[in-house]
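User: I would like to learn how to read the features of a structure, step by step. Could you take me through this one?

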Amino acid sequence: MVYLAEFAGCFIFLSCGYAYTCNITLKKTLVPSRNYIELAAAWSLAVGFGLAVSFIMGGGAFLNPGVVLGNMILGNIGAVDGLLNILMEFLAAGAAMLVCTVFFWDSFKASPDTPKRGIFSAYPVERNIVLNFVQELLASFIFMFIVFTSITFSADAEVGRPIGGLAVGAVGACAVMLLALSFNSTGYSMNAMRSVFSSLWFVILPIPNKNGEKVDWVYQLTVNLVGSSVGGISAVIVTALLKEAIAE
């Protein structure tokens, strides 16, 4: 059930986010143009609902490989549990992309000249690997630190998982909204699952009209994998140290 909860939370998070991006990117949809407030709100709600569902179902609500690795480093979860959670995240990314491809099949077919890779992966307005790496690391750390400290120092355990799950989801949504409003620099993936795992599935899945689009693997692995993971691991460790300091 724990692993199913991780899969379900990740699937809801990604499928909702990818669906909105399909709407604003592809032709033959009912959303005619991009609105940054709307875009930020859509991804924020996607993250919030994903966190809430995973938490309510009894999972760890990691939803991010960096968070899983951070908890493995601290000894909160074992290596096998960690790897199984990351596997669930990988499978959820593929399932979310497949579902969106099915729902937007006609729109993909009607958009032969529209770039597709950005629907599923975050890329910067200006590519500057070193700067993008720092921006992604900082964004990931700030977002996850907000979420972790809110969860760690809240009374969720006293009010039960359903209410606690809603609180976790609300905090996650607010944190993403805060950062997404200024995401021009990197797109602020803040999550290797959201970008790197989806890039792997982008290569594998038969998405219409990919037209030979190539994944920018240097950017994906350096910024979206290493940058976001280091930010997530750092947030897990700093939150744990802060909790210990306050307890003393």
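Analyst: We will go from the overall fold to single residues and their contacts.

User: What kind of model is this, and how are residues numbered along each chain?

Analyst: This is a predicted model, in which local features need pLDDT of at least 70 and side-chain atom pairs count only at pLDDT 80 or more, while totals for chains, interfaces and linings use all residues. Residues are numbered from 1 along each chain as its sequence is written, and side-chain values use heavy atoms, leaving out hydrogens and water.

User: How many helices and strands does the secondary structure come to?

Analyst: Helices (H or I, at least four residues) and strands (E, at least two) are DSSP runs, numbered from the N terminus. The protein has eleven helices and zero strands, so the order of elements from the N terminus reads α-α-α-α-α-α-α-α-α-α-α.

User: Which contacts join residues at least 24 apart, and what share are they?

Analyst: Contact means heavy atoms within 4.5 Å. Taking contacts between residues at least 6 apart in sequence, 83% join residues at least 24 apart. Ala-46 counts as buried because its relative accessibility is 1%. The C-alpha atoms of Ala-46 and Phe-11 are separated by 9.7 Å, although these residues are 35 residues apart along the chain.

User: How many salt bridges are there, and which side chains meet in one?

Analyst: Side chains of opposite charge can pair when their charged atoms come close. A salt bridge is a side-chain nitrogen of Lys or Arg within 4 Å of a carboxyl oxygen of Asp or Glu. The count by this rule is one salt bridge, and Asp-216 and Arg-127 form a salt bridge at 2.8 Å, N to O. This pair links distant parts of the chain, 89 residues apart: Asp-216 is in the loop between α10 (192-204) and α11, and Arg-127 is in the loop between α6 (117-120) and α7 (129-152). Asp-216 counts as buried because its relative accessibility is 17%, whereas Arg-127 counts as partly exposed at 48%. Val-218, in helix α11 (residues 217-247), touches Arg-127 as well as Ile-129, again not counting residues up to four places away in sequence.

User: What caps the N-terminal end of α3, and which residues in this helix are buried?

Analyst: An α-helix has 3.6 residues a turn, so residues three or four places apart point the same way. In helix α3 (residues 65-74), the buried residues include Pro-65, Gly-66, Val-67, Val-68, Gly-70 and Asn-71. A polar contact is a pair of N or O atoms within 3.5 Å; within protein, one must be able to donate a hydrogen and the other to accept it, and residues adjacent in sequence count only if both atoms are side-chain atoms. Asn-64 caps the N-terminal end of α3, with a side-chain oxygen 2.8 Å from the backbone nitrogen of Gly-66. The side chain of Asn-71 reaches the backbone oxygen of Val-67 at 2.8 Å. Just after α3, Gly-75 has a positive phi of about 85°.

User: Is Glu-6 buried or exposed, and what does Glu-6 touch?

Analyst: Glu-6, in helix α1 (residues 2-25), is buried, with a relative accessible area of 0%. A polar atom of the Glu-6 side chain lies 2.7 Å from the backbone nitrogen of Leu-63. Not counting residues up to four places away in sequence, Glu-6 touches several residues, including Asn-64, Asn-85 and Glu-89.

Key: Buried < 20%, exposed > 50% of the residue type's maximum accessible area, 1.4 Å probe, protein only.
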